[in-house]
Amino acid sequence: MKNWLEKQFRLSEFNTNIKTELLAGLTTFVTMAYVLATIPNILAGAGYDKHTTLTAMIILIIVTSCAMALVTNRPFALAPGLGSVGIIASMITNEGVSMPIAAGVIFWSGVLFIIISFFGLREAVVRVIPVSLKQAVSAGIGLFIALLGAKNCGLIVANDAKNCLSFGDLASPSVIVAVIGFLILLVIKVRNIPGGMILAILLTTLAGIPFGVTHAPESIFAFPAGIGHQFLKVDFMGALNFAYIPFLIALFVPDFFSTFGTVLGVGAKAGYLDKDGNLPGIDKCFKVDAIATSFGALFGMPSLTTYLESSAGVEAGGKTGLTVIFTSIFFGLSLFLAPLALVIPSAATGPVLIYIGINMLGAMRNIDYSDITEYIPAFLCVTFTIFANNIANGICVALPAYLVMKIAAGKIKKVEPVMYVLVAVCLLYFYSII
């Protein structure tokens, strides 16, 4: 088995080993475990059966993440994107779209991904985007991850009175435990203790017990529900109605840019990018991601996408696809041990996300601050990723700004023709969400 793993994942070549990949896979799982409760609950509000959704989601995470591992040998885990989950829930509850038609819209958005990916257009798009924006995407994702961690533990909340983000209740048990966890993580990192990420999460989980943040599960085992009544409940032809085109665009564009942003951001963290900011073999990542979206639609599941939390596994030392093979194994166990997996509170994973996000800001040092046509779009990409609470929104603001500034500076010859198409897609996206 050890020889097969070495041959399949080239562990020596990436200067890693089975133990490191195991710990990294566990770290990714623990950081992603919140999806076990979050996504089924969101979709339950739209009429989905919570238990069926949980089973289908775990199966899809396992299948698609293993496919990513075996095809690309990258430590990228997949799961339903929270943005897509929100869009589907809104389509059903607010717009009155039936679940079969919603699944059909997801399916066709995946087909669009597949066409673009297998014709090499996605890879071409990534290569056209300037290096400064690629670096900004990585930094923007870093801030987004840090904000996600801070929001999950209650450190940062939406302040309705001031219409902005602000500190939450700093005296709340969740925030206190998160601060303790962050200090524990800093000490572990300074001391360079092996398996530090997962150790910090476990220690913070234990620290949450006296504060009432960590709760003992009512049960340890839970049998998975069947998925028969949700599988293949897709209205393929009904979803092609012209009225659903805006929903298709709303699903497609964010997923397109979020996937490429996440892959580049996590890839940069793992040291995969070349001097031009490109990720070798990124076309394989896109193809797996594209097929995963259409495949997931057959189970009624919103768009599956590469997860930002994969960066936690990379931070823990994960370098190859074996990392997410282990992540998939842990998700498989959660089919029967879901109550136990949900014991880990957000206050324990939040500090890890904040730490990872801070580290990813280092990409900003590679931006050319002597050229205003480079650093202003990069700045817009980073800030609007946070201001508009979406990776795709930051990219869609930055690309038109980049094009306008290059034209105004008389540098139109440096703009690739594909950039005009990208800007048109960005404008169409904004029109669809007005």
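In which hand does helix 8 pass helix 16, right-handed or left-handed?

1. The model is predicted: local features need pLDDT of at least 70 and side-chain atom pairs count only at pLDDT 80 or more, whereas totals for chains, interfaces and linings use all residues. Residues are numbered from 1 along each chain as its sequence is written, and side-chain values use heavy atoms, with hydrogens and water left out.

2. Helix 8 passes helix 16 in a right-handed crossing; a crossing is right-handed if the near helix is turned clockwise from the far one by less than a right angle, and left-handed if anticlockwise. Helices are DSSP runs (H or I, at least four residues), numbered from the N terminus. The axes of helix 8 (residues 131-152) and helix 16 (residues 372-387) lie 8 Å apart, at an angle of about 25°. Axes are lines fitted to C-alpha atoms over the stretch in contact, with angles from 0 to 180 degrees between N-to-C directions. Helix 8 and helix 16 are therefore roughly parallel (under 35 degrees; over 145 counts as roughly antiparallel).

3. Contact means heavy atoms within 4.5 Å. On the helix 8 side, the residues that meet helix 16 include Leu133, Val137, Leu143 and Phe144; their partners in helix 16 include Pro377, Cys381 and Ile386. By class, this contact of helix 8 with helix 16 has 12 nonpolar, three polar and one charged residues. Ala, Val, Leu, Ile, Met, Phe, Trp, Tyr, Cys and Pro count as nonpolar, Asp, Glu, Lys and Arg as charged, and the others, Gly among them, as polar.

4. Helix 9 (residues 173-191) and helix 10 have axes that come within 9 Å and cross at roughly 150°. The two are therefore roughly antiparallel to each other, and their crossing is right-handed. Among the residues making the contact are Ile180, Ile184 and Lys189 of helix 9 and Met197, Leu203 and Ala207 of helix 10. The contact divides into 10 nonpolar, three polar and one charged residues.

5. Ala225 is in the loop between helix 10 (196-207) and helix 11 (245-270). Its relative accessibility is 26%, so Ala225 counts as partly exposed (between 20% and 50%; buried is under 20% and exposed over 50%, with a 1.4 Å probe and protein chains only). Leaving aside neighbours within four places in sequence, Ala225 is in contact with His51, Thr52 and Thr55.

6. Gly318 is in the loop between helix 13 (310-315) and helix 14 (322-341). Gly318 counts as buried because its relative accessibility is 0%. Not counting residues up to four places away in sequence, Gly318 touches Glu21, Ala24, Pro75, Gly313 and Thr323.

Technical notes. Parallel < 35°, antiparallel > 145°, perpendicular 65-115°, else oblique.
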